[in-house]
Amino acid sequence: MNATDSQWMARALRLAERGLYTTSPNPRVGCVLVKKGKVVGEGWHERAGEPHAEVHALRAAGKAAQGATAYVTLEPCSHHGRTPPCADALIASGVARVVAAIQDPNPQVAGEGVAKLRAAGIEAECGLMETATRDLNVGFFSRMTRGTPWVRSKIAASLDGRTALANGTSKWITGDAARRDVQHWRARSCAVLTGVGTVLADDPQLNVRGIITERQPLRVVVDSQLRTPRGARIVSAGTLIYTAVFDEEKRAVLQARGAEVVTMSGSDRQVDLPRVLDDLGRRGINEVLVEAGRTLNGRLMQAGLVDELVLYLAPKLLGDAALGMADMGELTRLQQGVVLNWQDVRQVGGDLRLVAKITKEK
């Protein structure tokens with residue numbers, strides 16, 4: 001593989017990004033067909049259940065696909081799912097070469113697609129721009145390899161790390177531009193997760209606003225004692241409430257509004273958060289955006305369940321009496337702290353947006 005291959009794969013990645021808000025629970029995939037230095041067909045996976053990127057590109061190319069090189073951002077599938085195998089479609093088209101960015105983590109594929117292409121006499125390579133492809137599909141890779149979604153916590157805070165005043169006032173620490181930017185993170189997420197404390201304090205909707213999107217994320221509430229009010233704006237179809245109690249009367253009231261209530265109690269009589277993520281993974285949830293207060297953020301951090309932070313820092317100081325980002329209890333050693341690996345820092349309006357992955361091994 002060479003610089004020219006990288007050029008075409010970069011184009012395939014840009015195509016894949018067009019499915020950022022729509023492909024869940026499938027991965028975001030792009031494909032470019034090149035022959036004699038020219039694009040003869042291209043496409044991307046648009047929605048689950050519809051043709052994959054390779055099929056769109058092959059349809060656009062028609063007979064010109066014969067002898068072409070296919071650049072695809074994920075190993076072509078080799079199994080029958082909602083659609084036929086893309087490896088078979090590529091073989092039937094007569095392409096001469098296939099370059100895939102990364103092996104499909106789905107155990108049903110995992111190298112079988114490349115093997116099928118090679119068995120048919122097609123030159124097939126894998127491993128070009130792997131990091132960029134993995135980052136674009138971080139939730140899909142997480143669910144396929146760990147069984148749980150990628151958990152991204154969004155926190156808006158002052159420069160001294162305070163998320164609310166001591167009296168609970170938090171609207172608005174950051175500016176309009178930062179709040180608009182959050183909508184993009186919601187739109188790409190399969191689920192938005194919050195705690196009952198936030199529901200009681202702010203009565204949020206946690207839906208996508210101001211962005212054209214074909215779907216809304218699942219709204220998830222962690223509510224150990226089932227205190228979510230019947231009239232809360234978040235309670236509707238498309239809402240999942242995890243609780244630690246069996247209260248059939250409250251359950252019936254919430255379910256009458258369209259919410260699903262699941263009892264998932266841990267040994268501490270609180271919602272078992274690791275089991276919650278396991279359950280969300282089984283439901284096909286790739287990415288979870290946490291928009292919660294310091295209590296739930298602290299529980300998630302202490303349990304090692306957060307993968308990434310999106311921090312919006314406002315140019316203001318709120319002082320020691322204001323509330324912090326995450327209630328993690330008292331730490332007695334520096335090694336007990338959460339270690340971050342910066343990914344991106346930029347200004348959004350008058351605020352700073354910092355994106356950091358959490359280092360799991362200290």
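## Helix H2 against H3

In H2, the residues Glu54, Val55 and Leu58 touch Cys86, Ala89, Leu90 and Ser93 of H3 (contact here is heavy atoms within 4.5 Å; helices are DSSP runs of H or I with at least four residues, strands are E runs of at least two, numbered from the N terminus). Sorted by type, the residues of this contact are five nonpolar, one polar and one charged.

H2 covers residues 53-61 and H3 residues 86-93; their axes sit 9 Å apart at an angle of about 20 degrees. That makes the two roughly parallel, a label for angles under 35 degrees.

## About the model

This is a predicted model, where local features need pLDDT of at least 70, side-chain atom pairs need 80 or more, and totals for chains, interfaces and linings use all residues. Numbering starts from 1 along each chain as its sequence is written, and side-chain values use heavy atoms, leaving out hydrogens and water.

Arginine 152 is in strand E6 and glutamate 308 in strand E13, 156 residues apart. Both are buried, arginine 152 at 2% relative accessible area and glutamate 308 at 7% (buried is under 20%, with a 1.4 Å probe and protein chains only).

Glutamate 291 bridges to lysine 154 at 3.5 Å and to arginine 186 at 2.7 Å, N to O. Arginine 186 lies in helix H7 and glutamate 291 in the loop between E12 and H11, so this pair ties together parts 105 residues apart in sequence.

Key:
Axes are lines fitted to C-alpha atoms, for helices over the stretch in contact, and angles run from 0 to 180 degrees between N-to-C directions. Angles under 35 degrees count as roughly parallel, over 145 as roughly antiparallel, 65 to 115 as roughly perpendicular and the rest as oblique. Ala, Val, Leu, Ile, Met, Phe, Trp, Tyr, Cys and Pro count as nonpolar, Asp, Glu, Lys and Arg as charged, and the others, Gly among them, as polar. Buried means under 20% relative accessible area, exposed over 50%, partly exposed in between (1.4 Å probe, protein chains only). A salt bridge is a side-chain nitrogen of Lys or Arg within 4 Å of a carboxyl oxygen of Asp or Glu.
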